[in-house]
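Visitor: I would like to learn how to read a structure of this kind. Please show me where to begin.

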Amino acid sequence: MSRDFAMLLEHLRNKTGEVELDLPAASASGDAATTARLARAREVAIRRGDRVAYLYKPVGGHRAPGSNGAAHRPDLATGVTETEGGALAAAGARWIGPAEHAPVSRPYIDRIRVRDFRCIQEVDFPLTPMHALIGPNDSGKSTLLDALAMLSPEAGNPDGEVTVFSEGRALTRRRVSTVEHDSDVAPPLEGGLQHRSPTMMAFVEPSRLLRLDPDAMRQPTNLIAQGEPLEYSERGHGLAAVYDAFLSRRIDVFLEISKRFTELFPTARAIQLTNPSQTAKSLGVALLDGRNIGADRLSEGMLYWLAFAALPYLQPTPLILIEEPENGLHPSRIADVMRVLREVSKTSQIILATHHPLVINELQADEVTILTRTSERGTIATPLSRTKNFEQRSKVYALGELWLNYADGEFESDLVAESTNPSAAG
Ligand SMILES: Nc1ncnc2c1ncn2[C@@H]1O[C@H](COP(=O)(O)OP(=O)(O)OP(=O)(O)O)[C@@H](O)[C@H]1O
Ligand SMILES: [Mg+2]
């Protein structure tokens, strides 16, 4: 969390200061190469959700003009994250950057607690509109995604208990019961849904879980009927039908994705749709050399990229859970997919499990939680910003590199607190 965030919020709440939000400033330099490098650094910062907050303290109810007509200098200029920017905007801060980058304030799950669910005895940690779970194999990342998917009544009658918190309200699901409440402790649960408020009930709508699989994405699929929502399955089956629907319903979207596709995959001339039968569609690609490539020969990276590029236009869900979005992608394509996910996270909360440092580089520290697991205590959650010596380490490393440098893939002892490490405790 930014050091000044709480103070800024305090000023807004008590109406003792004006806060303006903007993007990180563009740096200028005489030399063209340096200017280009600084512009790229700013692009990355914007994608990651870096914001700048300026605080002005009004004099006699007005912002004091500067000397000789120039704008009044802010009393404080400080970096804040996208999530903090959203909270400041909700409290009345003014956005002065380009409209398309305005921070969005909408309800999201800001804390989760899971009890007695598979390898989890109890975890309780903060979440953000876009959030990554990292940690060794077998530590409970996929289990946590499944726990979140359990909120929907469609999830059957799972074991264990999951509670999600948003702006001080809570919703607990245990077996056949779901109850909304306002304290840490859920009241006795009866069957069905109790005390519903629209905000909290949004979280029980079915979430979208993505474990994309190239073989599923390659399969021919039936068309999506007029008026039916645009969807592909958990594994990506139905992707061709989604692109076919773009062609007939959203040609602007189809053309925009096509353009980006040919920039990223320079041997391709166009995305194609073929008809293996009267009622089915398959994906393909037309190459610059004139050849056409069918779905069974499409590269895996292309398929994964096409699935993520379509995500913003699918039927919206409040929660999107993604397994390893880096799968099959060249390192230089990961940032592009993360840019799509960042955009989608403005309307749907995204929780993802990842093993890739370049995914983490695209995130803020408060957007990453490390899961580790011991046989005695089950899964343990440690926010990245609360790992050992985080302040010093984050000055030297980008977040992905910090993780890579101190992770051992076992108990992550050089990252998580000593008390959670069995070898140090013993
Ligand atoms: N009912 C259960 N009780 C206790 N442990 C269980 C139960 N079901 C599964 N597990 C254990 O939980 C482990 C954690 O699985 P999970 O798939 O969540 O790990 P992960 O962090 O996603 O790993 P990876 O990085 O390899 O995908 C499983 O390997 C399994 O041993
Ligand atoms: Mg997993």
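Guide: What follows goes from the whole chain to single residues. Keep in mind that this is a predicted model.

Visitor: What share of the residues counts as buried?

Guide: Of the 426 residues, 37% count as buried. Sequence separation is another thing to look at. Among contacts with a separation of 6 or more, 62% come from residues 24 or more positions apart.

Visitor: Which domains does the assignment give?

Guide: The domain assignment gives domain 1 (5-101), domain 2 (111-197 + 355-425) and domain 3 (209-316). Domain 2 is written as two segments, 111-197 and 355-425. The centres of domain 1 and domain 2, taken over C-alpha atoms, are separated by 31 Å. Their contact takes 5 residues from domain 1 and 6 residues from domain 2. On the side of domain 1 that touches domain 2 there are no nonpolar, 3 polar and 2 charged residues.

Visitor: Which residues lead the largest nonpolar core in contacts inside it?

Guide: The largest nonpolar core has 84 residues, and those with the most contacts inside it are L148, L239, Y243, L306, A307 and L321. Helix α9 (residues 300-310) gives the most to this core, with 9 residues. Domain 2 and domain 3 both give residues to this core, so it lies between them.

Visitor: What does L321 touch, setting aside residues up to four places away in sequence?

Guide: With those residues not counted, L321 touches L145, L148, A149, S207, L209, L210 and I351. A second, separate core has 11 residues, including L12, Y54, A87 and A93.

Visitor: Where is L9, and is it buried, exposed or partly exposed?

Guide: L9 is in helix α1 (residues 5-13). Not counting residues up to four places away in sequence, L9 touches A87, L88 and A91. L9 and L247 are 238 residues apart in sequence, and their C-alpha atoms are 46 Å apart in space.

Visitor: What is the C-alpha separation of V123 and I380?

Guide: V123 and I380 are 257 residues apart along the chain, and their C-alpha atoms are separated by 6.1 Å. V123 is in strand β6 (residues 120-126). V123 is buried, with 22 other C-beta atoms within 10 Å. Leaving aside neighbours within four places in sequence, V123 is in contact with V114, T379, I380 and A381.

Visitor: What surrounds ligand 1?

Guide: To read a ligand site, list the residues around it and then sort them by class. Ligand 1 is surrounded by R118, C119, N137, D138, S139, G140, K141, S142, T143 and A353. By class, this shell has 2 nonpolar, 5 polar and 3 charged residues. Helix α4 (residues 141-149) gives the most to the shell, with 3 residues.

Visitor: How many residues of α4 are buried?

Guide: Helix α4 is mostly covered, with 7 of its 9 residues buried. The buried residues are K141, T143, L144, L145, A147, L148 and A149.

Visitor: What is there to look for in the backbone angles?

Guide: Most residues other than glycine have a negative phi. E167 has a positive phi, near 45 degrees. E412 also has a positive phi, of about 50 degrees, although it is not a glycine.

Visitor: Where do E167 and E412 lie, and is each buried or exposed?

Guide: E167 is found in the loop between β8 (161-166) and β9 (169-174). E167 is exposed, with 11 other C-beta atoms within 10 Å. E412 lies in the loop between α13 (399-406) and α14 (422-425). E412 is buried, with 24 other C-beta atoms within 10 Å.

Conventions: Residues numbered from 1 in each chain as written. Chains lettered and ligands numbered in written order. Predicted model: local features only at pLDDT ≥ 70, side-chain atom pairs only at ≥ 80, totals over all residues. Domains from an automatic or database assignment. Contact = placed C-beta atoms within 7 Å. Nonpolar A, V, L, I, M, F, W, Y, C, P; charged D, E, K, R; others polar. Near = placed C-beta within 6 Å. Helix = DSSP H or I, 4+ residues; strand = E, 2+ residues; numbered from the N terminus. Buried ≥ 20, exposed ≤ 12 C-beta atoms within 10 Å, placed from the backbone. Core = buried A, V, L, I, M, F, W, Y, C linked by C-beta atoms within 7 Å.
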